[in-house]
Amino acid sequence: MTKFSVTGMTCAACSAHVEKAVAAIPGVKSVSVSLLTNSMSVEFASPASAESICAAVDKAGYGAAPEDLDSGLSAADAARKRASEREALDDHETPRLVRRLIASLILLVPLLYVSMGHLMWKWPLPAVFSENPAAIGLYELLLTLAIMMINQRFFTSGFKSFVHGAPNMDTLVALGSGASVVYSVVVLFLITGAMLSGMLHDAHEYLHDLYFESAAMILTLITVGKTLEAYSKGKTTNAIKSLIDLAPDTAHVIRDGKELTIPAEQVRTGDTFIVRPGERIPVDGKVISGTSAVNESALTGESLPVDKSAGSDVSAATLNQNGFLTCTATKVGSDTTLSQIITMVENAAATKAPVARLADKVSGIFVPIVIVLSVITGIIWAVAGGEFGFVLARAVSVLVISCPCALGLATPVAIMVGSGLGAKHGILFKTAAALEAAGKTDIVVLDKTGTVTEGKPTVTDVIPADGVTERELLALAGALEEKSEHPLARAVLEKVRAENIAYSPAEDFTALPGYGVKGVVPPSGNDSGAVAPVAGVPASGGNAALMKDQRLLGNEMKQRGMELAGEGKTPLYFAAGGKMLGIIAVADVAKKDSADAVQKLNALGVQVVMLTGDNRRTAEAIAKQVGITHVVSDLLPGGKDAVVAKLSAFGKVMMVGDGINDAPALTRADTGVAIGAGTDVALDAADVVLMKSTLVDVPAAIKLSRQVLTNIRENLFWAFIYNIIGIPVAAGALIPAFGIVLNPMLGAAAMSLSSFCVVTNALRLNLFNMYKSGRNGKRKTIQLPDDIFDGRNISHNIQNLPDNFVTQSPHV
């Protein structure tokens, strides 16, 4: 996919014409044009090329140029490109429009004083005007021409696109105001003719047929709407601008033993840099020395600072709060996490959601249809016997009230604001289609390890035997597990160290694969005497089978171990000197927010299914803790993909996993979500990337998506209903029954506000709290059929599925 910047587009009809022109090139597979970001994304192969694409756009009456690829740029060039993009995001259009608007208003006021104040309400005028209708007409003409010159962009853009066979909104404005001026010039000639013939009264009557003020008012009111629209559109890019602004301008690097302060874009991979308290980290890196707490909220949305020490990863734009860090640069320029997030948000805004297809189709033919309707309106009223001025007013009203821009902006502004809001909270949607698909989710499939659970074993219970203290049991366990490489041993050692218990590593250590470990525990040499009762005697630790072999597993400990296993925990038994000392239970515990996340998903009307390669007992124990009712256990590698394929027959599936081991399932699902991505935000298999390991971000992403979809539907409804009602009223449909006549100036005012209303409605998304309960857009929960739970009717090409394809936990 290659990205191009496009110039010259002013409304949805323009973007539709550019898209049509590029799509017609042989070799172009897909094209998406964004009016909001003035960009175009094209997927193409030979014989199409960037040059032929730019040529097609140029032939269509617009300009295009390929954007530089970040991957081929040096850090300095990438920084300059990012600075250029940042400048492009600044609102340059609103100040220009404000100047145009002020100049137009300064000229419009004296024009309206004469054309309406004097002629309608008899406001006084100098004698040179009051007795000279031609002077009044010439005065109005000069002021109107001046306003047309100020707003000449409507005419240059409108007639240029008309010549290229792709009329746009500017064409409607130019035709409407231009027709009014041409007709008024004809009337002005009639005024001068009447005066030369001595018919001064008729000349004064002709003044009422002048439409100079209508033309000037139309241009001014459209400029008002364009100004409001430009100001609102400028606000939609605030999320991207704030991300770019986070990057520090300078970095402190160590070169040749000296500290140098250099521009951040000059930092190279492998450079050593230092970060003082209160400074932002310039590039991605790894801590060499020092400790600190780093605020990563700018990237992840997590408000609590994260402790950093030697070996920890740090990211550009995060804030070093209280320590002095020395780091080595690992990613610079466009490779940093910040740059990837910015690119992802921009790409989401530049792509199109499927919900926009109808609006795109209508936008492409909207303006020609309106021009035809305007002509038909004029013909009908002319045949009905209307005066030419009245006929012209009806035709012009149809032209100036029609607004294709509202249709074109309905979707992209909501996508831009929604994706930016998600990025603020560490929820990254790669495309607009992903943002839309997330809201349509019926089933969320959660990988257990690392998604529902912490992903690493933790000590949950310490149960000493009679006559043994917890500290003695932990000291023995630490001594035995010190030399073990098993993950469960690491969990035990973390617990021992957290309790600050002293021990000495076991001597004659032996690992017993499938059973545990054994060794001789020496005296600890500490004052507590924690292991004194068993020092110097053989000791062992491991599973129940090991204790049975040593004839040390009594009924009481056996029963307690079975209870722990029933809770999904792994009991580790420890003995020394022929005596059972106790049990330490280890488990991959559920995350603190997992139960809350599942509850919120259920409240959204989403079915939740958990997948795991663990045994059924362990899986159901975790499911019971967090409130999941549907569990698929004992899965072999590759089985997750098959489960997702099976569930896809019953609704839209969202798969949530770590993005690496779960890549096939993420790709298979309608929406793949990588959780806990951290600095690896460019996971290819995922459609949505969650920066944090917080499961509540999953229902938050769904809620945000549904709110964006609601906003888009509101925008499209307003855009369609405005034109469906406005165009017939402007044409005079209400005149026969109610005598309601729409003045062209009122039509222009309505048009000027339509796009502003759409953009402003999209900006309301910034007020949406995706984590708050209520207003969650609950949908009807789909019911999974019973036969999916016992494995019946499974396709023969699905392998590695257990007999109990999905089991319903009896505990929930």
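## Close-up views of a predicted model

**View 1. Threonine 441 is a buried residue.** With a relative accessibility of 1%, threonine 441 counts as buried, because the limit for that word is under 20%. The structure shown here is a predicted model. Threonine 441 sits in the loop that runs between helix H18 (432-439) and strand S15 (443-447). The side chain of threonine 441 reaches the backbone oxygen of alanine 438 at 2.8 Å. Apart from neighbours within four places in sequence, the residues in contact with threonine 441 are Val606, Lys652, Met654, Ile702, Arg706 and Arg779.

**View 2. Aspartate 447 and lysine 640 form a salt bridge.** The N to O distance between these two side chains is 2.8 Å. The pair links distant parts of the chain, 193 residues apart: aspartate 447 belongs to strand S15, and lysine 640 to helix H26 (residues 639-647). Aspartate 447 counts as buried, at 5% relative accessibility.

**View 3. Six strands make an open sheet.** The strand order is S6-S5-S7-S13-S8-S11, and the pairing is antiparallel. Strand S6 (258-263) and strand S11 (313-314) are at the edges; each has a single partner strand, so one side of each has no neighbour in the sheet. Strand S5 (residues 250-255) is joined to S6 by six bridges. Alanine 251 has isoleucine 262 in S6 as its bridge partner. Strands of a sheet pair through backbone hydrogen bonds.

**View 4. Arginine 276 and glutamate 259 form a salt bridge.** Their closest N and O atoms are 2.9 Å apart. Arginine 276 is partly exposed, with a relative accessible area of 28%. Glutamate 259 is also partly exposed, at 38%. A search of the whole structure finds 19 salt bridges.

**View 5. Three strands make an open sheet.** Here the order is S10-S9-S12, with antiparallel pairing. Strand S10 (306-308) and strand S12 (319-320) are the edge strands, and each pairs on one side only. Three bridges connect strand S9 (residues 292-295) with S10. Alanine 293 has aspartate 307 in S10 as its bridge partner.

**View 6. Strands S17 and S18 form a hairpin.** Three residues lie between the two strands, and glycine 514 in the turn has a positive phi of about 85°. Strand S17 (residues 507-512) and strand S18 (residues 516-520) run antiparallel and are joined by four bridges. One of the paired residues is leucine 512, whose bridge partner in S18 is glycine 516.

View 7. The closest N and O atoms of the pair are 3.2 Å apart. Both residues lie in helix H23 (residues 555-566), three residues apart, which is about one turn of the helix. Arginine 560 counts as partly exposed at 27% relative accessibility, and glutamate 563 is partly exposed at 36%.

**View 8. Nonpolar side chains form a surface patch.** The patch is made by Ile365, Ile369, Val372, Leu373, Ile376 and Ile380, and its area is about 510 Å². Valine 372 is part of helix H14 (residues 357-383). At 46% relative accessibility, valine 372 counts as partly exposed, because exposed means over 50% and buried means under 20%.

Methods: Residues numbered from 1 in each chain as written. Predicted model: local features only at pLDDT ≥ 70, side-chain atom pairs only at ≥ 80, totals over all residues. Heavy atoms only, no water. Buried < 20%, exposed > 50% of the residue type's maximum accessible area, 1.4 Å probe, protein only. Polar contact = N/O pair within 3.5 Å; in protein donor to acceptor, adjacent residues only side chain to side chain. Contact = heavy atoms within 4.5 Å. Pairing = 2+ DSSP bridges. Patch = residues over 30% accessible without salt bridge, like charges linked within 9 Å, V, L, I, M, F, W, Y side chains within 5 Å. Areas by Shrake-Rupley, 256 points an atom, 1.4 Å probe, with all protein chains shown as cover. Salt bridge = Lys/Arg side-chain N within 4 Å of Asp/Glu carboxyl O.
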